[in-house]
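The briefing then takes up the strands, the helices that link them, and an annotation from a record.

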Amino acid sequence: MSLHNRFVSDSKDKEPDVLFVGDSLVQLMHQFGIWRQLFSPLHALNFGVGGDATQHVLWRLSNGELDNIRPKVVVLWVGTNNHGHTPEQICEGIMAIIQVIKNKLPNANTLVLGLLPRGKLPNPLRERNAKVNLLVQEAVSTLPHASFFDVNPGFVASNGSISHQDMYDYLHLTPQGYQVVCQPLHAHIKSMLDKPAEN
């Protein structure tokens, strides 16, 4: 809640072009050099909260975090913490968040980042995340104001394992992991910002 309140007050004197919102993968990005290097120059705000699932982000965005800002692009990265939810439920949660963004920021584009694989070796959570990505990709494909972006550069090796050099606990990214995720993401966001707005 204290983070949420800080975001709401932060947003009153900021004019971001890009808003990142989501869980710890968003929050931690802010703590690495990659944020200052790539995203600060784009006038980006970071509203990441560790441990957030889709319902938390939905609540936060419905309760003030979008009320004072007009970003052109909202980057949404959430869903891997939705324990006990089916891929279909997680997809519904993500779509509900996109709808709130659309209602509050009618001219913004939402960029939904694909969930990363997780766990050292193949496991049900990894399968669940992959299924979520398929569902979300399909669901946003018809929306003019939202798009899907797969940020996984191929973290899973041919033997099915993930290296701790990319994801130190097989869930969160290392600085090296962020580097390979964020370079193409930065280029993609930049191209979105450079596009003339469609009303």
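This is a predicted model: local features need pLDDT of at least 70, side-chain atom pairs count only at pLDDT 80 or more; totals for chains, interfaces and linings use all residues.

Leu-113 stands opposite Phe-149, which belongs to strand 5.

Pairing of strands
- Strand 4 and strand 5 (residues 146-149) pair in the parallel sense, and 4 bridges join them.
- On the way from strand 4 to strand 5 the chain passes through helix 6 (residues 124-140), and this β-α-β crossover is right-handed.
- Strand 4 also runs parallel to strand 3 (residues 73-77), to which it is joined by 4 bridges, and here Leu-111 of strand 4 is the bridge partner of Val-75.
- Between strand 3 and strand 4 the chain crosses through helix 5 (residues 87-104), in a β-α-β crossover that is right-handed.
- Because 4 of the 5 residues of strand 4 (residues 109-113) are buried, this strand is largely enclosed by the rest of the structure.

Helix 4
- The buried residues of helix 4 (residues 54-65) are Thr-54, Val-57, Arg-60, Leu-61, Gly-64 and Glu-65.
- These residues cover an arc of only 150 degrees around the axis, so they lie on the same side of helix 4.
- Their packing partners include helix 1 (2-10), strand 1 (18-22) and strand 2 (44-48), as well as strand 3 and helix 5.

Annotated span
- An unreviewed UniProt entry carries the annotation "domain: SGNH hydrolase-type esterase" for residues 20-180.
- Residues 20-180 are 41% helix and 14% strand, and the end C-alpha atoms of this span lie 18 Å apart.

Terms used:
Residues are numbered from 1 along each chain as its sequence is written. Side-chain values use heavy atoms; hydrogens and water are left out. Buried means under 20% relative accessible area, exposed over 50%, partly exposed in between (1.4 Å probe, protein chains only). Helices (H or I, at least four residues) and strands (E, at least two) are DSSP runs, numbered from the N terminus. Two strands pair if DSSP finds at least two bridges between them. A crossover is right-handed if, with the strands pointing away from the viewer, the path from the first strand over the helix to the second runs clockwise. UniProt positions are given in the numbering used here, feature names are shortened, and annotations may be inferred rather than shown by experiment. The arc is that of the directions from the helix axis to the C-beta atoms. Contact means heavy atoms within 4.5 Å.
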